[in-house]
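User: I'm new to this one and would like a close look at a single part of it. Could you pick out a spot in a loop and tell me how it sits within the whole chain?

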Amino acid sequence: FLNGSLPDSIFNCTSLLGIAFTFNNLTGRIPSNIGNLVNATQILGYGNNLVGSIPLSIGQLGALRALDFSQNKLSGVIPREIGNLTNLEYLLLFQNSLSGKIPSEVAKCSKLLNLELYENQFIGSIPPELGNIVQLETLRLYRNNLNSTIPSSIFQMKSLTHLGLSENILEGTISSEIGSLSSLQVLTLHSNAFTGKIPSSITNLTNLTYLSMSQNLLSGELPS
């Protein structure tokens, strides 16, 4: 296992096309000069003990397709500069201590296929702009402190196969539009504050293999 902190000098290797230092015992902060890796298409740093915030210079990595700093101890907010990463396909920051609101600028990463921000401390609403990421296949936001309704724009994401919104403080009714997510295979909405009936349109989700809606304030009968 690698120990110690990430040396700034690594991020002066500006010709690097990718860098991975996963599942080690690295500590300290992500160096602020990470933005020097302008040619990198992937930066994989998951499974360490990195702390501190995500540097603003992350927005300089326009060639990046995969950014994974999941399973660390990062804190602070996701910088709005994340929206500059217009080639990004995978944004994985789950299992950290990130907080604040999920920035709407994430939706500028219009090529995203996988957005996983679960098990953090995000608050506020689910940005309705996320519905503009029409190619998104996986959206996992569970185990945060999100406290809005589900934006109707989410139901425009016809490529979604996995939608995880459980263990938040989400409220309101579950829209009948949920039945339009025809590619959906996994839907988790449990442990929220949803009210009203389960819409009958949920029976249109013929590809669904896992559904969890327990521990809400739902009423009425199960759709037949």
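Analyst: Let's start with charge: the chain has 11 positive and 13 negative charges, and their mean positions are 2 Å apart. Keep in mind that this is a predicted model.

As for secondary structure, there are 19 strands and zero helices. The radius of gyration is 19 Å, close to the 17 Å that the globule rule gives for 224 residues, so the chain is as compact as a globular protein of that length. Along its principal axes, the C-alpha trace spans about 60 × 25 × 25 Å. Take contacts between residues at least 6 apart in sequence: 45% of them link residues at least 24 apart.

Now for the loop. S166 sits between β14 (162–164) and β15 (171–173). Is S166 buried or exposed? With a relative accessibility of 3%, S166 counts as buried, because the cut-off for buried is under 20%. Setting aside neighbours within four places in sequence, S166 has Y142, R143, T188, L189, H190 and N192 as its contacts.

The accessible surface comes to about 9900 Å², with 48% of it belonging to carbon and sulfur atoms.

In soluble globular proteins, nonpolar side chains tend to be buried together.

Conventions: Residues are numbered from 1 along each chain as its sequence is written. This is a predicted model: local features need pLDDT of at least 70, side-chain atom pairs count only at pLDDT 80 or more; totals for chains, interfaces and linings use all residues. Side-chain values use heavy atoms; hydrogens and water are left out. Helices (H or I, at least four residues) and strands (E, at least two) are DSSP runs, numbered from the N terminus. The radius of gyration is taken over C-alpha atoms; the globule rule is 2.2 Å times the number of residues to the power 0.38. Contact means heavy atoms within 4.5 Å. Accessible areas come from the Shrake-Rupley method with a 1.4 Å probe; for residues, only the protein chains shown count as cover. Lys and Arg count as positive and Asp and Glu as negative; His and the chain ends are not counted. The place of a charge is taken as NZ of Lys, CZ of Arg, CG of Asp or CD of Glu. Buried means under 20% relative accessible area, exposed over 50%, partly exposed in between (1.4 Å probe, protein chains only).
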